[in-house]
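Here's a quick briefing on a ligand site and a charged pair. Have a look at the model first, then read on.

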Amino acid sequence: MTSRLYPNIIITGTPGCGKTSHCESLVESLNDELRSHFQHLEISKVARERGCIDGFDQERDSSIVDEDKLVDSLEPDLREGGKIIDWHCCDVFPERLIDLVVVVKCDNSVLFDRLSQRGYPDSKITENIDCEIMQVILQEAKDSYAPEIVIELSSEDLETMDDNVERIIQWINSWRENNPD
Ligand code: ADP
Ligand code: MN
Ligand code: MN
C-alpha cells in the first residue's frame with residue numbers, strides 16, 4: 001500500500017527518444033484537476049538547480065550528476081506523489097517511491113537524425129544509438145523495478161505520441177481507482 005494520492009512516473013529512454021516531449025504532452029493533456037497534482041521534473045535541470053552536479057565528463061560531453069545527492073534531494077518530492085521524472089537514468093530511485101516506468105523507444109534512423117540536429121559529436125551519437133539498439137535503458141528498468149510496472153512505448157511521430165500519452169492517462173486513472181484517498 002502507498003500513502004501517495006497520485007502516482008510517481010518515470011519517463012525514461014535514450015537521449016533524443018522523446019522523453020521531454022512525452023512529459024510535456026502528458027502534463028498538457030491532463031484535465032485541470034489532475035494537472036494541479038502533477039509536476040514534470042526534468043532531471044538534468046533539477047540536478048543543476050539543486051547543486052547535484054559533480055563535474056563534467058569531457059569524453060562523453062556531459063555533466064556528471066551526484067546521484068546520491070539527487071535522490072536524497074528528491075525523496076520529499078517523491079513522497080508527495082504526482083511527480084513525472086524525465087531522465088535517461090531510471091535505476092537510482094527507490095522502488096517504494098516509483099509506481100510506473102515508461103521506457104520511450106524510437107526508430108534508430110529517426111533517433112540518428114534527431115541527435116545530429118542537436119549537434120552532438122559523432123562519438124556521442126554513436127554511443128546513444130548503441131544504447132538504443134542494445135536496449136540498455138529498458139534492461140536497467142527491468143533490473144530495478146517489478147516487471148509489471150515497466151512498460152515500453154514507441155513513438156516517431158505526433159500521432160503515436162498522443163496515443164502513448166492517452167495510455168498513460170488511462171493508467172493514472174486506473175491507479176487512482178485502485179488507490180483511493
Ligand atoms: P529527450 O527528452 O528524450 O532527449 P525530446 O523530447 O527532447 O527527447 O525529443 C528530441 C527531439 O525529437 C525534439 O526535437 C522533439 O521535438 C522531437 N520528437 C520527440 N518525440 C517526437 C514525436 N513523437 N514526434 C515528432 N517529434 C518528436
Ligand atoms: Mn529531454
Ligand atoms: Mn544509470
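How many nonpolar, polar and charged residues are there in the shell around ligand 1? By class, the shell has 4 nonpolar, 6 polar and 5 charged residues, with Asp, Glu, Lys and Arg counted as charged, Ala, Val, Leu, Ile, Met, Phe, Trp, Tyr, Cys and Pro as nonpolar, and the others, Gly among them, as polar. Bear in mind that this is a predicted model, where local features need pLDDT of at least 70 and side-chain atom pairs count only at pLDDT 80 or more, while totals for chains, interfaces and linings use all residues. Residues are numbered from 1 along each chain as written, ligands are numbered from 1 in the order written, and side-chain values use heavy atoms, leaving out hydrogens and water.

**Who's around the ligand**
- Of the 15 residues around ligand 1 (a heavy atom within 4 Å), Gly16, Lys19, Ser21, Arg118 and Ser155 come nearest.
- Helix H1 (19-29) gives the largest share of that shell, 3 residues (helices are DSSP runs of H or I, at least four residues).

**Polar contacts** (N or O pairs within 3.5 Å)
- One oxygen atom of ligand 1 sits 2.6 Å from a side-chain N or O atom of Ser21.
- A polar backbone atom of Lys19 is 2.8 Å from an oxygen atom of the ligand.
- For Glu156, a backbone N or O atom lies 3.4 Å from a ligand nitrogen.

**Salt bridges** (Lys or Arg side-chain nitrogen within 4 Å of an Asp or Glu carboxyl oxygen)
- The structure holds 10 of them.
- Arg35 pairs with Asp32, their closest N and O atoms being 3.1 Å apart.
- These two are 3 residues apart in helix H2 (residues 32-35), so about one helical turn separates Arg35 from Asp32.

Definitions and conventions
Polar contact = N/O pair within 3.5 Å; in protein donor to acceptor, adjacent residues only side chain to side chain.
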